[in-house]
Amino acid sequence: MTRPAGGGPASSEPHDNPDLWLPRLGRILDDQIALYRALSDLSERQSKIVASGETDDLITLLGQRQTLIERVTALNEELEPFTSRWNELSPRLAEARKSEIRERLDALESLVATIAERDERDRIALEQRRDTVTTELKGDSQRRGALNAYAASNNQAHVPRYQDRRG
């Protein structure tokens, strides 16, 4: 362990000094907030697309969302060392810094909740649309079957059913 110029004990662990790890934590949280805002924007567009029934646009948008989700996943991996040791790290923070972190976490929580609510509404709308299409397809299939049966019996009406074989 080294001693600082002031003669007091030096920190042997980087996590002992919030000045070393707090900027990284702040950057990760800010990046997450930016990504979740982008996901929220896409979620709004998704709701409009679901309402309009534009399947191709929905597929394109879901691809864009997947890219952002992959970036969020990577950030979650960067965040893991902080979350797993938060009970150890947080006491080293001044109350003002803890408050800043809480504000960022609250913003993330709010964005996630908004996105989840929209996604749930969109899921329900898509399920209802699927059920409607399924019902319509069953009805079309039954109508085609009835028409085919009627057409087949109609065609047989012109075919002689009895023949006089004696001549």
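For helix packing I use axes that are lines fitted to C-alpha atoms, over the stretch in contact, with angles from 0 to 180 degrees between N-to-C directions. Helices here are DSSP runs (H or I, at least four residues), numbered from the N terminus.

Ground rules: this is a predicted model, where local features need pLDDT of at least 70, side-chain atom pairs count only at pLDDT 80 or more, and totals for chains, interfaces and linings use all residues. Residues are numbered from 1 along each chain as its sequence is written, and side-chain values use heavy atoms, leaving out hydrogens and water.

**H1 against H2.** I looked up this pair and got an angle of about 160°, with the axes 9 Å apart. That makes H1 roughly antiparallel to H2 (angles over 145 degrees count as such). I sorted their contact by class and found 20 nonpolar, five polar and eight charged residues; Gly counts as polar and Pro as nonpolar in this scheme.

**Core.** I find 25 residues in it, and Trp21, Leu25, Tyr36 and Phe82 have the most contacts inside. H1 (18-52), H2 (55-84) and H4 (95-156) each supply at least two residues, and H1 gives the largest share, twelve.

**Thr83.** I place Thr83 in H2. Its side chain reaches the backbone oxygen of Glu80 at 3.0 Å. I also looked at Thr83 and Leu25: C-alpha to C-alpha they are 10.0 Å apart, though 58 residues apart in sequence.

Technical notes:
Core = buried A, V, L, I, M, F, W, Y, C linked by side-chain atoms within 4.5 Å. Buried < 20%, exposed > 50% of the residue type's maximum accessible area, 1.4 Å probe, protein only. Polar contact = N/O pair within 3.5 Å; in protein donor to acceptor, adjacent residues only side chain to side chain. Parallel < 35°, antiparallel > 145°, perpendicular 65-115°, else oblique.
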